[in-house]
Amino acid sequence: MSKDKQFLVSVADVYMFDTTTDQLVMKGKTLISTALAQEIQNTEIFGGKGSQLQYDFNYQKMITATIEDSQVLEDYIALNNNAQIANELREYYIEETVVLDGSGSATLQETPIGNVYVEAANGTTLTIIPNGKDITVSGSEGSEVKLVYRYETIMDHITIDASKFPKAYKLVMNSDFYTKDGKSAEMQITIPQFKLNGSFSLEMTHDGVSTSTLEGKALADGNNNYAHIDIKRLNNESPTLAALAASPSEVQLSIGAGGDSEQLTVYGIRGGLYSNIIVPASELTFSSDNTSVASVTSSGLVGIASEATEGDKTTIRVTDGTVTDVVDVEIIE
């Protein structure tokens, strides 16, 4: 646990992976907001005089995530529809402004498919049948006209299929912790099964920019887990320990075993909500109070001394420089 006050700053970078192939399918870097929320339903059981609260039953734990991007990405639309982004020949509508020559003719940028619809100078709409890229508009010779038509070109295409719904992806969100001295740690949230709800909107206004949004829920994975949160300290400091616990805490070495020994494993007790850890021997110092009874190596291997006799006792000490634990050693026959 950090000794300094720490703060989660700014939005997270987001990555989504295919759960089968582990292929990266989306990367969000220009995000406006990223949010993770957990909800738990509960039922309160009352009974007895005065209807006292007897039990609070918890169920339906649910985790939701929301990702809002400052740009509109076709990836977001495709993800919400379980669709692929195809690159293919499609029809496209275009609006174009041309100046008609003295005979009322002009050449268009593209080759129209079907009719060309011309907005004449008097405000009426004329339907013109083109000849390739060429058109002729009678009565508007020498004027500028606006027109709409469709043509074919290669482009990216997304089909919103009424029978397709979004699938689950692995969602990874990376964010940063800061203290008064700057960035101190990175937090990574992984949701193995993130099921999009398929909702999205494109709001196009005269004075704004449309954004993209992904929303969904975490599904339980094969191990009944919703999500994993990992915090990587940037200074590579070892966790602060409240105590050490060597295992075994008592060692018996036998004279008759011919060089009997016992390997110690040292656990670091972090306290509070933190789980214990195995402390590497390289971060510890081992010593014996009486090396004529038993010695200990730098890796924590306790060995019987050649001159030890039955009933001899000593103590092995292990420390990380701050906290210490002891192991009682007894020599038996």
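Which residues line the largest cavity? Before you go looking, note that this is a predicted model, where local features need pLDDT of at least 70, side-chain atom pairs count only at pLDDT 80 or more, and totals for chains, interfaces and linings use all residues. Residues are numbered from 1 along each chain as its sequence is written, and side-chain values use heavy atoms, with hydrogens and water left out.

**Stop one: the cavity**

Select Leu-73, Tyr-76, Ile-77, Asn-80, Phe-200, Ser-201, Leu-202, Thr-211, Ser-212 and Thr-213, and you have the lining. A cavity here is a set of points on a 1 Å grid over the protein atoms alone where a 1.4 Å probe fits but cannot get out, and lining residues have an atom within 4 Å of a point. The structure holds one cavity of 30 Å³ or more.

The biggest contributor is α1, with three residues. Helices (H or I, at least four residues) and strands (E, at least two) are DSSP runs, numbered from the N terminus.

Colour by class next, and the lining of the largest cavity splits into five nonpolar, five polar and no charged residues. Nonpolar covers Ala, Val, Leu, Ile, Met, Phe, Trp, Tyr, Cys and Pro; charged covers Asp, Glu, Lys and Arg; the others, Gly among them, are polar.

**Stop two: an antiparallel sheet**

Show β5, β10, β7 and β8, which sit in that order in an open, antiparallel sheet of four strands. Two strands pair if DSSP finds at least two bridges between them. At the edges stand β5 (86-99) and β8 (125-128), each with a single partner strand, so one side of each has no neighbour in the sheet. Zoom in on β7 (residues 113-119), which pairs with β8 in the antiparallel sense over four bridges. There, Val-118 stands opposite Leu-126 in β8.

**Stop three: a mixed sheet**

Move on to β16-β24-β23-β20, an open sheet of four strands in that order, with mixed pairing. Its edge strands, β16 (250-254) and β20 (285-288), each pair on one side only. Finish on β23 (residues 313-319) and β24 (residues 324-332), which run antiparallel and are joined by seven bridges. Pick Ile-316, and its bridge partner in β24 is Val-327.

Definitions and conventions. 1 Å grid on protein atoms, 1.4 Å probe; cavity = no way out; pocket = protein on both sides within 12 Å on 5 of 7 lines; lining within 4 Å. Points joined across faces, edges and corners; volume = space filled by probe spheres on them.
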